[in-house]
Amino acid sequence: MKVSTLIIAGFSLVLAAILVSGCAGTARGSKSSVFTNYDEVELVDYSLSKAGALVIIRYPAIIHEDAEEPYFHAFSLNAIGGEVPPANRTKKVTTRIAQSILTKSNYYVMSLYRELQKELPENTVLLSPHIILWDKDRGIYSRPILATEQIPSVLTVDFNVYSYPDTTALMDSPPVTFGDLVTPLFVVQGDRWLQAPTNGLLLSSDPLLQTAWNLARQKANAEIEAKADGTVYNGQRPLVFIAFLNGQGRDNRDLPLKSVGSSRLEVMAVEEYPVEKIQMEGALLQNLSEDYSVDPFAESFVKGVAARIKQALNEVNHDRATFFARQNALARFDPELAIAFLTRSSGESVRSRLQLAEALIEAERKFVSAQSLSIYEGAYLGEYGDKMRQMIEGEYRLLENRRTAARKANAATAVAALALIGAVYAAAASGAVGGIAMQTFSGVLVLGSLWAMSSTLETRAESAQMSEHFMALIAPALERQISVQMEWLESKERISAMGFAEFRNKTLTLYQSRVRSLDQRYEDNCIFSPPGFDVSGRWYGSCRDGLADERGYGVVIDKSGNSIEYLGAARNGMPSGTGGMIARYANRNGSFYFEGTFKDGLPDGVVLVEEPGGRARIREFRAGKDVGNGAADQLQPLTF
């Protein structure tokens, strides 16, 4: 039965090879990316806080066994680059392609990590691998395996590679990641206050745009609802790609967009990155398993992307970008200080307590940075990386053979494949083939589909509890003890732990032993009532007679979903003085940001205005009405 099936498959393989020999030459990609022209820039960082990271890179790493079938189905149903015929959605090779997304993303993401780590300050680039899960209510979703996303960060980058599910179309135009071809998908996101008009979304691959926008809006709404309720937001945002597969990007909204690298970079809009099938330099792949001193993916794509990310870091206010993430981090172990933080108080008791708290957050960042480095060493420099390079090299040679055969217009490759099938079957039946050898033979066995995965590169976890241990199989150093030196004022403390939970317990114990009481009481439930709302909101900070007063943070949401966030000075429950305000309207895409002076709850004086699809402008306001251009030297900016 098995022999006859294999022989039938062999003849089908010959036919497939002959049929595609005429179009094999189309399996090519772009030699350069739209990011190629980005010049190298030096990071300029004027931020006052050094607690947070600069970039967190999120990617799909493993999948829970319960999520496999739903993931495979969603992958074939939500194809990028075309529609897969129903008959081709359930093929076994389609599931192999879906698995390869995880396997290859684990590898290629390390090129981006290494390049940013090399260019940015030490311990400021972190990895956040995700596990794909499923339940009947949520469908497929992902959550982080490590505690990386609890660390404040200026930017987060979602990254994965992609291949079209239908193998019968792979030699044509659809996106593919195989051999020297890589199709990257990624999203660059920050906090809602980083770029309020887009809820912090800066850049997205075109197919993921709507999903990325929806997730950014949902997260912003969830965060301000938590603030309005007096709670701490502890939600976990799924990977954009997984949410896309789960159908969270179906509605078509008119979004504020701009093209990558355009002259409209100052416009408050999302950069739309087109799908690119990058073709890496073949000369760097011919002997990749032995010599990977020059990274072909970095040369063709990653260096340009890293330059764009560094440019984005230079364009934004880091303290503004991480302000609320730092406040959330403080709230986890010192709620009283977290409220005082929103007042931006310069009092000595707040300042000294904040210095210690931020030193602990910085220590946590260094701990996660050590974990990230361990993952990189395993997934790129270790055995996993070695096997991936062997596989990529084998895939490249296979593609080159097919391209050559196509140019010569003969079926010799197909005939050779049939002979090799017998050799693979004999070796597999006798148990004589395994590991890399099986992986190499498999690449020939599925010549018609171009896909094979070795069991040694499996990315499947049998339980969610095993996920961190599973990552340790890829990166054995994750299970080692990590030591971090924490520096605070004139003192130094070395903290060692096997895992993040143990490390956090030790930092919390240290914090509680050193903390000082605050000189002033700060409230978290005073009345905040800006004009135009028939409901009262919540104020965090200083109060007088139950109303917002002096510096703090206020939020209000009406029954229609319209909301206002305000950080700054207040009087009689309304914005008054210097501050920043985000106004959201339920029937509008994006948000409006005002920064400058306010009076009786309205912009009054010189104000910076940011709106979706427009450039940032400095305007003059009187009692909430725009009366013309404002003088830049008279703007009173908000200090975060």
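The model is predicted, so local features need pLDDT of at least 70 and side-chain atom pairs count only at pLDDT 80 or more, while totals for chains, interfaces and linings use all residues. Residues are numbered from 1 along each chain as its sequence is written, and side-chain values use heavy atoms, with hydrogens and water left out. The protein contains 14 helices and 22 strands (DSSP runs numbered from the N terminus: H or I of at least four residues for helices, E of at least two for strands).

**Overall make-up**

- Of the 640 residues in the protein, 57% are buried (under 20% relative accessible area with a 1.4 Å probe, protein chains only; exposed is over 50%, and partly exposed lies in between).
- Among contacts (heavy atoms within 4.5 Å) with a separation of 6 or more, 66% join residues 24 or more positions apart.

**Nonpolar cores**

- The largest nonpolar core has 60 residues, of which F186 and F301 touch the most other members (a core is a set of buried Ala, Val, Leu, Ile, Met, Phe, Trp, Tyr and Cys residues joined through side-chain atoms within 4.5 Å).
- Helix α6 (residues 296-315) supplies the largest share of this core, nine residues.
- Another core, of 51 residues, lies apart from it and includes I151, A196, A338 and L567.

**Helices α7 and α8**

- The axes of α7 (residues 318-333) and α8 come within 6 Å and cross at roughly 155° (axes are lines fitted to C-alpha atoms over the stretch in contact, and angles run from 0 to 180 degrees between N-to-C directions).
- The two helices are therefore roughly antiparallel to each other (an angle over 145 degrees).
- In α7, F323, F324, R326, Q327, L330, A331 and F333 meet P335, L337, A338, I339, F341 and L342 of α8.

**Loop and strand residues**

- T343 lies in the loop between α8 (335-342) and α9 (348-381), and T343 is buried, with a relative accessible area of 3%.
- Leaving aside neighbours within four places in sequence, T343 is in contact with Y522, G541, S542, R551 and G552.
- Most residues other than glycine have a negative phi.
- D545, in the loop between β15 (537-544) and β16 (547-557), has a positive phi of about 55° and is exposed, with a relative accessible area of 77%.
- E550, in strand β16, has a positive phi near 65° and is partly exposed, with a relative accessible area of 46%.

Technical notes
Parallel < 35°, antiparallel > 145°, perpendicular 65-115°, else oblique.
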